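Q: Please take a close look at the place where the two chains meet, and describe what each side brings to the contact.

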Amino acid sequence: MSVVIQAEHISKLYRLGQVGTGTLSHDLNRWFAKIAGKEDPFAKIGSINDRSVKTTDEYAWALRDINFQVNQGDVVGVIGSNGAGKSTLLKLLSRVTTPTEGKIKIRGRIASLLEVGTGFHPELTGRENVYMNGAILGMTKQEIKRKFDDIVEFAGIAKYIDTPVKRYSSGMYVRLAFAVAAYLESEILILDEVLAVGDAEFQKKCLGKMGDVAHNEGRTVLFVSHNLYAVSEICNTGLLLVNGQVSYSGPIKNTIDRYLKADNHSGEIVKTHKKGILWNGILNRVDMEDLKPNEDILFKLSFTSQNLDLQNVMIDFNLHNENNINVTHSRSKWIDNKFAVKPNTDFEVTYTLNSPKLAPGRYFLTVWIYHGENVLLHIDNIAACTINANNYFGSSLFLDEVQSCVVPSFTISKVDC
Amino acid sequence: MDLKPNDASVEKWDNVIGEDAGVFSFNIKEIWRYRDLMGMFVKKDIITYYKQTILGPIWFVLQPVLTTLMFVVVFGNIAKISTNGIPPVLFYLSSLTLWNYFADTFNLTSKTFIDNAPIFGKVYFPRMVLPISKLISGLIKFLVQFALFLIVWVYFIATRDSIHPNMYILYFPLIIIMVAAISLGMGIIVTSLTTKYRDLTFLVTFGIQLLMYATPVIYPISIASPRKQFWLWLNPLTSLFELFKYGFLGNGVVSYGWLLYTVVFSLVLLVFGFIIFGKVEKKFIDTV
């Protein structure tokens, strides 16, 4: 198989903080270094890209020494947590900006879709915008003309095609924009999170179209998304980025597994008390990755108390899904469960949900520990568990088919009267 | 997909990102490939200019007419600046038609990067497509206004004896090319610098106004003293405006020396503009 994209040692340096102050002096410094034949004096001090660690450096590497190859016909899912460098990598590949170091070699025409509807002008009609957007994405007038009817049909807005797009509903706008992109003719297609648009029906249509593009037309696709289900459905290989470096690359299933294991599960600490409680994480995290919908869910949470000696401490839990919708809310006060905290000791709290029958997907936990009115600890977005889409009613569900937060088992019976 | 680059493959690549393209990275073939896009940008400029207006394309000509009338009142009647016997309406209209082309093109191209950052941040096409499309849509607007000028011009030729068109009218295409070159050159230099040093955007609006007074737009150069004339000639637009007025109205100063200076000046400006634009277009999205 022939290689269509070859990335060699690519790195990207970004300036942190206020761009524009002191640039003149830095520019002069750089220029002096350049004529003296030295290295860029500001490139050395950059730290690695870990947004949670505060740094005094003015520069940071968004990507550092990335190497990979993509073969003809590969459908590559690029995954990683927020700020891992996914978008930067796609920006480099789509030639929006250039790498600080290294080279990317490309064979074939590349079309990138980092956003739907780039260059749409509100005053122009749908028809005019199709031509405009197509041309921006690199199509010629002839190509667009040939596909125009398909595009309009796919978007399903034939009636409004000669109306200015400023009069469109946001759904119609997005449909038209995606339709143009879906009919791009290029050997390599780069997609960034564009699936997160439109209603469920249209999302499914987009997903299906992307599957077609990838599997039937034999095109090379690079796809960035947080929707792991979509990634696993469409892609055959994966590239896992962690802090701007390639952490793993290989078959998509292995890549997703690695990602889930390496992901930062510990959540964000929203509030602490000065004589508070330290958060250590979920002890049984690894077991929580592949839960069946009907089983009890049991979280073992580990904490360490500091200078605290309190009676009647209470704890509340919220569990929310990827769309930030709360699916459970549990307060210890309802079941009259209070506990005592002794100073400087480790303790474990177990939170059990009895057969919650949650819809498949990833779930996140929010925890509050408080004493009277005093919040001792508040942690948000703890990656808690994943409910597998398999084994529902003996078959596997498609994530976009489920429109609810819970999926209780059900029966339907029909009687002729 | 492998992690290690395969060094053995010494094959041909269509595109290498991150390779230093040298000082002059202007790729005319690539721009030609995107000519449909250029056409779309021009069409968009023209259509959106008058969409949802009652007068529609009439606005293209209304603007210079109103400015000309204002100039006639302010500079002709109140300040009483000489127009060397040319009817003030014709004099101001001729200079304004040409001046508007320069000012509009310069103004629009000087905002290329900042105005289009959202598009540039999402998709690649040769960045030069945009300023060139502004140049073309400016040219179309100019031709409409020029047609208005021709009507007024023919009317005055028929009714007055003070206008003497001559063979220098044949320089018209050269004048247009030179004005386009200067405005494009200045525009792309300014837009390249504004990506980092935003201060320049304030200077442009102000600078265009000042430049108008340093160009023989509202006055013929012949009314300035010889010493001041020298400074005015240093402005590369001066010889073009004088040549234009000499050809069409028979009143102006033609200097081949200064014309040559203008040609050299605009070529140097353009080449310098392309170099700096080519350098900035690759990375500007990180600093804009």
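A: Start with the charged pair: the side chains of Arg95(A) and Glu30(B) form a salt bridge, with 3.8 Å from N to O. A salt bridge here is a side-chain nitrogen of Lys or Arg within 4 Å of a carboxyl oxygen of Asp or Glu. Across the interface of chain B and chain A, the rule finds one such bridge.

The model is predicted: local features need pLDDT of at least 70, side-chain atom pairs count only at pLDDT 80 or more, and totals for chains, interfaces and linings use all residues. Residues are numbered from 1 along each chain as its sequence is written, chains are lettered from A and ligands numbered from 1 in the order in which they are written, and side-chain values use heavy atoms, with hydrogens and water left out.

Three residue pairs, both members at pLDDT 80 or more, are in polar contact between chain B and chain A. Such a contact is a pair of N or O atoms within 3.5 Å; within protein, one must be able to donate a hydrogen and the other to accept it, and residues adjacent in sequence count only if both atoms are side-chain atoms.

On the chain B side, at least two residues each come from strand 1 (15-17), helix 2 (35-50), helix 6 (117-120) and helix 12 (256-283). Helices (H or I, at least four residues) and strands (E, at least two) are DSSP runs, numbered from the N terminus. Helix 2 of chain B gives the most to this side, with seven residues. By class, the side of chain B that touches chain A has 18 nonpolar, eight polar and 16 charged residues. In this count Ala, Val, Leu, Ile, Met, Phe, Trp, Tyr, Cys and Pro are nonpolar, Asp, Glu, Lys and Arg are charged, and the others, Gly among them, are polar.

For the whole interface, 42 residues of chain B are in contact (heavy atoms within 4.5 Å) with 59 residues of chain A. The two chains bury about 4600 Å² between them, 57% of it on carbon and sulfur atoms. That buried area is the accessible area (1.4 Å probe) that two parts lose on being put together, summed over both.

Strand pairing also crosses between the chains. Strand 4 (residues 101-106) of chain A and strand 1 of chain B run antiparallel, joined by three bridges; two strands pair if DSSP finds at least two bridges between them. Within this pairing, Lys105(A) has Val16(B) as its bridge partner.
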